[in-house]
Amino acid sequence: MEDSRIAMPIGTALDRFIKSRQEAFAFATGELSQLLRDIALSGKVVNRDINRAGLINLAGVTGTQNTGGEDQKELDILANIRFSRALTKGGEVCAIISEEEEEIIEVNNNSSYIIAIDPLDGSSNIDVNVSIGTIFSIYRRISEVGTPVTEADVLQPGKNQVAAGYILYGSSTMLVFTTGMGVNGFTYDPTLGEYFLSHTNMQIPDGGKIYSVNEGSYHSFTDGVKNYIEDCRDNGFSGRYIGSLVADFHRNLLKGGIYIYPSTAANPTGKLRLVYECNTLAFIAEQAGGLATDGVNRIMDIIPTDIHQRAPFFIGSKEMVERAKEMIG
Ligand code: P6P
């Protein structure tokens, strides 16, 4: 629930909003505020790259694969460069975890924050002009400032996040994030080059009638997952799945619904990444009154053993995720 001390009116510029949050909390040092600004600025640059991709031959594949063996698009690489450079120059992070980097990028031992990011998720949709997104999580380091980053710093459970958000490059570009005091959405106005508060204290409806899953994998789902999908069909729910996690999640956040990427034959531990996809959206979902599990366990309680590990993912309206858990657990 949003803290009443810091509610801001629709139309507030992002910078003003961030400043108001910092002022409301005496011990905020401004580092996290600056980190959020660096992410927002990078999002503006990536937004411009995406909007011009078809014109400057950026919509294609590079012929290389990422850490998970998935084809890398030109824009995947460019988005990773944009965010990594901005975050390195910004001076607020000691390490960067990126889906596009096998190893952790160690930046500055004198900084306090760790960022985990999927610079551009859903990039297989770029050349067909479907919405895609950037997903990011921010953690405070556990080890002493001034010392090298440790494994414990980068393998923290999602419940340790200090901030999480996504940028949705869709019919309009939006930045949605939480710092643990509710979820707020900012719409980017390219004519002014600024984000403005457009969705205050976002809450996901407790119930919903939308289920998002790739039913092409139905035969490899467990019986529990099959039973839940049958239950959605029997209740007349609508199937909505566009193959872009951020877009599917954002629609369900606004309208109510559940997104599911369970264990499949091709991805026995799920396809989505725990550290920079599942945990990020789980923080947002919970702050908005929803839930996120691996089918049974709270996603944000899972202690990662690898920065790129995958997890089965059930996220969305509280009642729908709980129903799925009843039928799976
Ligand atoms: P599938 C995109 O690659 C992604 O990570 C998510 O954005 C999306 O929901 C999912 O994978 C699509 O995967 O196997 O259904 O094509």
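In this predicted model, Glu99 is in contact with Asn66, Thr67, Glu70, Ile117, Asp118, Pro119, Arg273, Tyr276, Glu277 and His308, once its neighbours within four places in sequence are left aside. Glu99 has its place in the loop between strand 3 (93-98) and strand 4 (105-106). Because its relative accessible area is 6%, and buried means under 20%, Glu99 counts as buried.

Another loop residue, Ile303, lies between strand 14 (291-293) and strand 15 (313-316). With a relative accessible area of 59%, Ile303 is exposed, because that word applies to values over 50%. Not counting residues up to four places away in sequence, Ile303 touches Leu155 and Pro157. From C-alpha to C-alpha, Ile303 and Val275 are 9.5 Å apart in space, and they are separated by 28 residues in sequence.

The largest nonpolar core has 37 residues, of which Ile39, Leu120, Phe136, Ile138 and Leu175 touch the most other members. Helix 2, which covers residues 31-52, gives the most to this core, with 7 residues. For Ile138, the contacts beyond four places in sequence are Leu32, Leu35, Leu36, Ile39, Tyr113, Ile114, Ile115, Gln161, Val162 and Ala163. Apart from this core lies another one, of 31 residues, which includes Ile204, Tyr259, Ala285 and Ile315.

Tyr259 also belongs to the surroundings of the ligand, which consist of Asp121, Gly122, Asn214, Tyr241, Gly243, Ser244, Leu245, Tyr259, Tyr261, Lys271 and Leu272. Sorted by class, this shell has 5 nonpolar, 4 polar and 2 charged residues.

| Residue | Atom of the residue | Distance to a ligand oxygen atom |
|---|---|---|
| Tyr241 | polar side-chain atom | 2.5 Å |
| Tyr261 | polar side-chain atom | 2.6 Å |
| Leu245 | backbone N or O atom | 2.7 Å |

On its own, the ligand has 400 Å² of accessible area, and the protein covers 79% of it.

How values were computed. Residues numbered from 1 in each chain as written. Predicted model: local features only at pLDDT ≥ 70, side-chain atom pairs only at ≥ 80, totals over all residues. Heavy atoms only, no water. Near = heavy atom within 4 Å. Polar contact = N/O pair within 3.5 Å; in protein donor to acceptor, adjacent residues only side chain to side chain. Areas by Shrake-Rupley, 256 points an atom, 1.4 Å probe, with all protein chains shown as cover. Nonpolar A, V, L, I, M, F, W, Y, C, P; charged D, E, K, R; others polar. Core = buried A, V, L, I, M, F, W, Y, C linked by side-chain atoms within 4.5 Å. Buried < 20%, exposed > 50% of the residue type's maximum accessible area, 1.4 Å probe, protein only. Helix = DSSP H or I, 4+ residues; strand = E, 2+ residues; numbered from the N terminus. Contact = heavy atoms within 4.5 Å.
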